[in-house]
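Please open the structure in a viewer and keep the selection panel at hand.

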Amino acid sequence: MSEPILKCNELHKRFLVGDGVDAVKDVRLTVAPGEFVLIMGPSGCGKTTLLNLLGGLDRPTRGEVILKHRKFSRLSENELARMRRTLVGFVFQFFNLLPDLTAAENVALPMRMIGLGHEEVARRTLELLDEVGMVDRASHSPYELSGGEQQRVAVARALANRPAVVLADEPTGNLDSQSGNRVMELFSRFNARHGQTFVVASHDRGFREYATKVVHMLDGAVVRMEDRTGAVTP
Ligand SMILES: Nc1ncnc2c1ncn2[C@@H]1O[C@H](COP(=O)(O)OP(=O)(O)OP(=O)(O)O)[C@@H](O)[C@H]1O
Ligand SMILES: [Mg+2]
């Protein structure tokens with residue numbers, strides 16, 4: 001197997017609320033470049049917490065995340081933030097577009113934040129909006145878009161800086177099945193065409209067809225992993 005792009009070892013997250021909640025328990029995961037990983041499991045099993053740890057949005061209680069040879073525990077908050085801007089794309093359940101910006105401005109924002117030139121930003125924004133089928137809505141505000149359209153803009157934004165890894169937390173959770181499938185097909189297309197690695201949390205069993213690996217979680221722990229052939233790995 002090729003060198004993993006994303007890896008975690010004995011990753012553990014305990015929230016210190018009440019008696020304490022072990023939201024992620026000793027999770028070990030290895031993701032090869034170009035993989036499409038689906039994380040499944042019931043509400044409260046730790047999917048969001050795990051994605052937040054994998055993307056460096058949150059720090060683990062113990063264990064390590066390694067993304068492209070960078071050990072998160074060795075990075076300062078600033079380095080972690082820079083890493084997120086350049087190597088990771090996030091897609092959320094509630095789209096999280098900035099309401100005061102147009103669709104195009106939302107897509108352009110991550111590129112501006114890393115200091116790309118005006119012309120390149122404009123060109124890439126158009127290209128990305130085209131890839132998600134949203135060019136004709138470029139100047140719309142988020143509230144002038146349907147949920148499915150907002151999510152397609154959010155996908156374009158997540159992919160703007162050509163991140164090595166895209167983390168998506170229930171990206172279709174607020175969409176009808178047709179819009180949901182369209183978002184998953186976009187992921188699948190970027191995955192095939194640009195070799196980007198995807199880690200997607202979803203309740204939808206129908207999405208297993210897209211995945212190279214399915215990770216089943218229960219009570220914070222990974223209880224089963226399947227690959228495309230259905231073989232189960234420990
Ligand atoms: N900030 C927090 N403080 C305390 N407990 C938390 C926090 N975030 C999550 N939890 C707890 O950790 C557990 C895992 O939550 P998490 O949001 O990761 O689950 P999930 O699998 O994403 O669920 P869902 O499918 O409903 O989104 C839950 O029991 C939750 O109550
Ligand atoms: Mg969640």
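**Charged pairs and an enclosed helix**

Begin by selecting Asp 22, which counts as partly exposed because its relative accessibility is 26%, between the limits of 20% and 50%. The model on display is a predicted one.

Arg 14 and Asp 22 form a salt bridge in which the closest N and O atoms lie 3.0 Å apart. Arg 14 is likewise partly exposed, its relative accessible area being 33%.

Next, select Glu 10 and Arg 28. Their side chains meet in a salt bridge, with an N to O distance of 2.9 Å. How accessible is Glu 10, and how does it count? Glu 10 has 36% relative accessibility and counts as partly exposed. Arg 28 has 53% relative accessibility, and it counts as exposed because the cut-off for that class is over 50%.

Move on to Glu 35 and Lys 213. These residues form a salt bridge whose closest N and O atoms are 3.4 Å apart. Here, too, distant parts of the chain are linked: Glu 35 sits in the loop between strand 2 and strand 3 (36-40), while Lys 213 lies in strand 9 (residues 213-218), and the two are 178 residues apart. Are the two partners buried or exposed? Glu 35 is buried, with a relative accessible area of 12%, and Lys 213 counts as buried at 14% relative accessibility. Both values fall under the 20% cut-off, so both residues are classed as buried.

Now select Glu 120, Arg 123, Arg 124 and Glu 127 together. Salt bridges with shared partners join these four residues into one network. For the structure as a whole, a search finds 14 salt bridges.

Finally, select helix 1, which spans residues 47-54. Then extend the selection to Gly 56, which follows helix 1 and has a positive phi, near 70°.

Note on methods:
Residues are numbered from 1 along each chain as its sequence is written. Chains are lettered from A and ligands numbered from 1 in the order in which they are written. This is a predicted model: local features need pLDDT of at least 70, side-chain atom pairs count only at pLDDT 80 or more; totals for chains, interfaces and linings use all residues. Side-chain values use heavy atoms; hydrogens and water are left out. Buried means under 20% relative accessible area, exposed over 50%, partly exposed in between (1.4 Å probe, protein chains only). Helices (H or I, at least four residues) and strands (E, at least two) are DSSP runs, numbered from the N terminus.
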